[in-house]
Amino acid sequence: MAETKTAAYICKGCEIGTRLDTDALVKAATKSGKMNIVREHDFLCSAEGVAMINNDIENEGVTHAALCACSRRAKTEAFNFPTIAMSRGNLREGVIWIRPDTDEARETTQEMAEDYVRMACAEVKAMTVPPGNQKTGSVKTLLVVGGGMSGMTSALESSKAGYKVVLVEKSAALGGWAAKLHKRVPTREPYKAPEDNGVADLVARIEADSNIKVYLNATIAKTDGAPGRFKVEIAIESGAIAQEDIGAIIQATGFTLYDANKLPEFAYGKTPNVVDQAGLEALAKAAAAEGKPITRPSDGQPVKSVVFVQCAGQRDATGTHLQYCSGFCCNTSIKQAMYFKDSNPDIDTVVLFTDLRTPGNGEDFYRAAQNKGVIFSKGVVSQVTPNGNSCTVKFTDLILNEDTEAQADLVVLATGMVPVSGVNIDAPVAAPAEAEAAVEGEAPKEIVATIAPESILNLTYRQGPDMPQFKHGFTDSHFICFPYETRRTGIYTAGPVRRPMDILQAQEDATGAAMKAIQAMENAGLGKAAHPRAGDLSFPTVRLEGCTQCKRCTVECPFGAIDEDEKRFPLFNESRCRRCGTCMGACPVRVISFENYSVNTVGAQIKAVDVPDEFSEKPRILILACENDAYPALDMAGMNHHEYDPYVRVIPVRCLGSVNTIWITDALNGGYDGVMLMGCKHGEDYQCHFVKGSELGRYRLSKVGDTLKGMNLETDRVKDIEVAITDMATLPQKINEYAALIKSFPPSPFKGF
Amino acid sequence: MSDINTQMADRYKNNFLKEIEEQAEMGEWVKMCMQCGLCSGSCPTNFHSGWDHPPQEIFMLIRAGKREEVLNAQGMYMCTSCYNCYVRCPRKVPVTHVMHGIAEYAYRIGRAPKNQPTMHLSRTFWNNATKYGRVNEVKLTQSLYFKDGFGSGVKKGMEMQSVALGLVKAGRLNPLEALGMGHKCKDLKGIHAMLAKAKELEAQRKAKG
């Protein structure tokens with residue numbers, strides 16, 4: 001690389017020039033920042049200003065530039081210089097917009113601005129331009145695991161977008177559960193009658209599609225590699241192994257019905273006249289094949305009355321059965337009741353429900369069933385007793401508040417969905433590391449594993465062979481912000497394996513997952529990060545000679561990007577990496593870094609701040625703010641001119657998980673009076689863009705109290721708060737409260753050392 | 001009258017829902033209720049002691065085939081026709097009309113309670129209005145006051161004396177109405193003919209059902 005030449009640019013636009021003493025800022029950049037070139041401009045993001053910077057890059061050989069203007073989140077199109085290392089000093093949203101324009105405030109505002117100039121200069125000098133990942137994989141074939149409605153939809157949608165697809169189905173035929181349905185819940189206007197299950201059409205389209213290669217009776221024996229360069233071994237029925245090069249994977253492995261044998265009180269198994277929803281579909285299919293109405297399984301007589309028991313083994317508060325609502329069964333029961341009413345309106349059909357939930361356009365369907373004479377009663381079933389060829393259904397009527405019973409020829413149990421998500425890799429086999437156990441929390445694991453835990457993807461990842469699970473065995477996805485995202489880059493889950501859903505939702509989900517998978521393959525081919533740092537070319541590098549093989553990075557990586565090589569050193573798979581920096585934060589010997597984000601880039605900024613002595617009554621507070629939510633919230637606080645304390649200095653971090661505790665100890669040793677950390681919500685309703693990052697970061701920070709005590713400092717000097725992007729109004733308040741607390745302490749004894 | 005009751009019970013056997021659907025006006029709406037309870041929650045007579053079964057429960061009882069409970073219920077007679085339930089029903093069920101339909105059906109088959117006050121009021125009102133072609137306020141008030149006997153009628157009249165005098169002074173009440181004088185409608189015969197025709201049409205419709 002050419003010789004390093006640094007430049008700082010001070011913008012005077014947007015009132016920066018009138019509110020601040022820019023000559024002093026230039027001085028700060030020249031003297032403290034030691035930049036080779038320092039220029040002011042009245043309007044830096046204008047064509048003229050950008051041309052000035054480009055001219056310096058081309059003719060002056062500038063390699064590192066500190067742009068002191070607005071927030072790094074603003075004017076990104078104008079300030080796009082991919083060939084040089086660049087930092088931004090936030091003088092607008094971070095200084096003048098959050099400070100009052102008064103004589104008293106002028107001095108502290110100016111100090112703030114000068115610090116941000118020095119920080120930007122220090123940061124950029126510690127950075128290099130990311131050269132981009134050299135080990136990219138360029139395979140553009142998609143693997144879809146599971147040939148049900150979701151899988152088939154993913155395959156077709158990807159093919160339509162021009163990508164090759166390998167579709168692997170465990171059973172002998174495509175179609176999954178949908179193929180077992182007599183009819184499906186209506187998908188179009190007027191949503192009044194069941195319609196064809198639609199499987200034949202999809203299967204025909206797949207068979208006619210030259211982009212799609214189908215393996216039936218096949219499973220995934222091994223998945224090795226990373227996005228863009230997966231090597232997948234497919235075990236075929238014959239015992240042979242087929243190998244495919246794959247770019248990205250969609251896991252659409254669907255669900256099984258909750259086992260009705262676990263509900264002995266409902267007489268399932270004791271009489272053939274009690275069936276689950278799949279059982280009724282089978283009866284309806286068989287009857288339709290013969291062109292007859294559905295008959296009573298016990299004696300083949302016509303069915304005169306049917307009772308549908310909703311939430312059988314679902315929404316269970318006792319902990320014995322499924323705790324959740326599967327979301328599809330109410331519509332299914334409505335549809336199945338119509339099977340009877342459409343063939344003979346005199347058949348009594350009663351749906352016993354506690355809450356009838358009809359997502360999508362199910363409300364119209366529900367109304368249509370009521371019009372057809374299906375009776376809906378709000379009641380909880382306690383027992384079903386076989387009674388000759390009939391059944392007695394005992395239930396509590398919730399409206400009339402009485403125990404009552406009904407006679408039925410046929411009882412249908414709506415048992416709900418259990419995801420087929422493979423091995424629970426977080427299940428405590430033998431608690432491996434203390435850190436992991438603590439992250440998992442003390443809450444007892446809910447036991448829902450009703451399927452033999454057989455791995456589906458057989459990943460060779462160090463963190464385990466399958467996708468991480470969230471609640472109830474469903475695979476983890478960023479359900480609040482990015483529902484299609486998972487914790488394995490380039491592998492997406494779609495359909496009921498991700499959360500309970502009906503066919504229509506599953507197809508939409510499958511289309512979304514296909515889109516994300518294509519995006520991931522394309523990004524992997526370019527060496528770029530996937531969401532949320534989409535397009536980022538940096539990737540973590542490790543100085544192996546300093547590594548102590550503690551394995552923290554391999555254990556903590558939220559995306560399972562880090563394996564171990566044969567010498568047990570961490571092996572980074574760049575295209576699996578999301579560039580969150582959790583490994584960097586975790587590393588106790590600080591050997592992991594990114595070209596443009598490292599222990600040094602942040603450390604240099606911390607050191608660049610001018611810390612006044614203890615007699616000046618000007619404390620210094622460091623804020624490490626997550627760039628995903630907290631930093632934008634601070635920017636928006638600026639846009640709304642919500643004022644906050646002039647003694648804080650904000651440094652954005654990629655994730656709270658990337659915060660290395662050395663930054664905090666360095667800051668406190670350097671005379672800062674306090675450190676505030678801002679990260680996303682963690683835990684069950686997490687909002688962390690890297691799913692586990694903020695949780696891991698917080699776990700690490702929970703140990704900081706000991707460090708403070710060791711330094712003889714108040715433990716309240718380090719504060720961690722959860723910030724959402726919507727907190728722009730309350731955040732300044734929290735900063736001010738914290739600043740007031742810090743001011744109540746004596747000045748840090750480390751000042752001036 | 002109880003004969004009709006037995007006849008109807010026999011005719012529909014255990015299917016009370018069908019009986020209501022075919023016999024009670026607006027009865028076909030009963031099956032469309034989705035048991036949200038908004039009608040009961042919106043009802044201004046909610047806290048009245050006579051309110052044994054709110055509309056939601058009446059609907060549920062009908063669907064559960066509980067004929068006796070429904071026909072013995074007081075709920076439908078308590079309706080003040082405020083139309084809160086009708087306006088608020090997410091299913092657009094005309095709850096008010098259904099309640100009146102059920103009450104009317106119970107009356108028709110002789111199951112309405114004797115001296116039920118709201119039933120008495122509506123009957124008195126109806127008879128009064130159809131007889132004179134418009135409401136004769138003095139006679140209507142009289143018949144309501146003297147419902148429970150002469151003594152209590154006089155007592156009630158005395159209690160309301162000042163109000164009545166006020167109304168007379170303001171020209172809002174004509175004492176001569178007591179003698180069948182005062183305001184009258186323009187074409188009493190025409191109205192009677194209209195009502196007779198309506199009755200005939202309704203009888204035809206009910207015979208069909």
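1. Let's begin with confidence. Chain B has a mean pLDDT of 88, and 96% of its residues reach 70 or more; pLDDT is the predictor's confidence in each residue, from 0 to 100. The model as a whole scores ipTM 0.81 and pTM 0.86.

2. A word on conventions. This is a predicted model, in which local features need pLDDT of at least 70 and side-chain atom pairs count only at pLDDT 80 or more, while totals for chains, interfaces and linings use all residues. Residues are numbered from 1 along each chain as its sequence is written, and chains are lettered from A and ligands numbered from 1 in the order in which they are written.

3. Now chain B itself. Its secondary structure consists of twelve helices and zero strands (helices are DSSP runs of H or I with at least four residues, strands are runs of E with at least two, and both are numbered from the N terminus). The C-alpha trace of chain B spans about 55 × 40 × 35 Å along its principal axes. Of the 209 residues in chain B, 24% are buried; buried means that 20 or more other C-beta atoms lie within 10 Å of a residue's own, exposed means 12 or fewer, and partly exposed is in between, with C-beta atoms placed from the backbone.

4. Chain B is divided into domain 1 (2-113) and domain 2 (117-204), with bounds that come from an automatic or database domain assignment. The C-alpha centres of these two domains of chain B lie 28 Å apart. Among contacts in chain B between residues at least 6 apart in sequence, 58% join residues at least 24 apart; a contact here means that two C-beta atoms, placed from the backbone, lie within 7 Å.

5. Chain A comes next. It has 19 helices and 29 strands, and its C-alpha atoms fill a box of roughly 95 × 60 × 50 Å along the principal axes. Of its 753 residues, 53% count as buried. For contacts in chain A between residues at least 6 apart in sequence, 71% link residues at least 24 apart.

6. The domain assignment of chain A gives domain 1 (1-129), domain 2 (141-254 + 420-526), domain 3 (260-417), domain 4 (541-586) and domain 5 (611-753). Taken over C-alpha atoms, the centres of domain 3 and domain 4 of chain A are separated by 52 Å.

7. In chain A, seven strands form an open sheet with mixed pairing, in the order S13-S19-S14-S15-S16-S17-S18; strands pair if DSSP finds at least two bridges between them. Strands S13 (274-276) and S18 (402-408) of chain A stand at the edges with a single partner strand each, so one side of each is left without a neighbour in the sheet. On average, neighbouring strands of this sheet are turned by 35° against each other, direction ignored; the axes are lines fitted to C-alpha atoms (for helices over the stretch in contact), and angles run from 0 to 180 degrees between N-to-C directions.

8. Follow strand S19 (residues 410-413) of chain A. A:Leu410 and A:Val412 point one way, A:Val411 and A:Leu413 point the other way, and all are buried. In a regular strand the side chains alternate between the two faces of the sheet. S19(A) runs parallel to S13(A), joined by three bridges, and A:Asp276 stands opposite A:Leu413. Strand S14 (residues 305-309) of chain A is also parallel to S19(A), through four bridges, with A:Phe308 as the bridge partner of A:Val412.

9. Elsewhere in the sheet, strand S17 (residues 390-397) of chain A pairs with S18(A) in the antiparallel sense over seven bridges. There, A:Thr396 stands opposite A:Asp403 in S18(A).

10. Is A:Thr385 buried, exposed or partly exposed? This residue of strand S16 of chain A is partly exposed, because 15 other C-beta atoms lie within 10 Å. Neighbours within four places in sequence aside, A:Thr385 is in contact with A:Ala267, A:Cys391 and A:Thr392. The C-alpha atoms of A:Thr385 and A:Gln407 are separated by 9.7 Å, and the two residues are 22 apart along the chain.

11. Finally, where do the chains meet? Nine residues of chain A are in contact with nine residues of chain B. On the chain A side, helix H9 (362-371) and strand S16 (375-387) each supply at least two residues, and S16(A) gives the largest share, three residues. The chain A residues that touch chain B divide into three nonpolar, three polar and three charged; Ala, Val, Leu, Ile, Met, Phe, Trp, Tyr, Cys and Pro count as nonpolar, Asp, Glu, Lys and Arg as charged, and the others, Gly among them, as polar.
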